[in-house]
Amino acid sequence: MRETAYAKINLALHVRRRREDGYHELETLFAFVDAGDVLTASAAAQDSVRVLGEFADGLDDPFDNLVAKALGKLPRVDGLAITLEKNLPVAAGLGGGSADAGAVFRIVKERYSLPDDWHARATALGADVPACVESRTCIGRGTGTELEPVDDSLAGTPVLLVNPRIPLSTGPVFAHWDGEDRGALPQGDARTIAREGRNDLEVPAISLCPQIAGVLAALRGTSPFLARMSGSGATCFALYDSASVRDAAAQHIAERHPGWWQMKGFLR
């Protein structure tokens, strides 16, 4: 069995308030790129996880691996041996670990079916995991786990992801948010919400990682109809009206910033 862990991006991310439990109340428009990490699974006597790929070194703690944790959340009659090809940077605002966990849920669903309370099990692994199980454009509320469908007018849109190869943990970025509620997500279809929305974590993320501003400036100079930071950073994305314009943008950025990581794809 082979499953892609689709890269998650937040087309808009509005932080509304800090909660007493330490989490944040937010509203976000999730979208997913048709590329990401790749999981290969086969039946085995017991569960196991092997990690390879460009960013495998970022997952050197087996007790903090969301693939292993997801396997532990899903009862089965036999084990699964999973090889994870880690193509997405770690601590990058792409929900990499959550996407990997979501792919595990889809593998188990195909082979065995999921328990009725799969959403609660996914939520226990992280706020982005339920959305990553579905890996479809949707609105997330609460901590991001309360999902709502949205009229998806962006499916098939060419997208370019760029990261300056600087990991940025989510906790410090939220801690630097100024606490000001700047309002709810706009109404409308996905394209309208994305264009009229914002990412309230861009300013605190740039304060911790100034290179993000350079990535955004580079992307905005390549004629996208939208360029924004994803999640808590440091990855930024740009959406284009055509694949040819996106490909020219990718080449332009690669020539001028050869050290930056990038990935091309289309929104699912």
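**Notes on cysteines, cores and helix H3**

1. A search of the whole structure turns up zero disulfides (a disulfide being a pair of cysteine sulfur atoms within 2.5 Å). Cysteine 138 is in none, and the nearest cysteine sulfur, in cysteine 132, sits 9.1 Å away. Cysteine 138 is buried at 7% relative accessible area (buried means under 20%, exposed over 50%, partly exposed in between, with a 1.4 Å probe and protein chains only).

2. Cysteine 209 is buried too, at 2%. Its sulfur lies 8.8 Å from the closest cysteine sulfur, in cysteine 236, so that's too far for a bond.

3. Keep in mind that this is a predicted model: local features need pLDDT of at least 70, side-chain atom pairs count only at pLDDT 80 or more, and totals for chains, interfaces and linings use all residues. Residues are numbered from 1 along each chain as its sequence is written, and side-chain values use heavy atoms, leaving out hydrogens and water.

4. The largest nonpolar core has 30 residues, with Leu39, Ile82 and Phe105 among those with the most contacts inside it (a core is a set of buried Ala, Val, Leu, Ile, Met, Phe, Trp, Tyr and Cys residues joined through side-chain atoms within 4.5 Å). H2 gives the most to this core, seven residues (helices are DSSP runs of H or I, at least four residues, and strands are E, at least two, numbered from the N terminus).

5. On H3, Trp118, Ala122 and Leu125 are buried. They span an arc of only 50° around the axis, so they share one side of H3 (the arc is that of the directions from the helix axis to the C-beta atoms).
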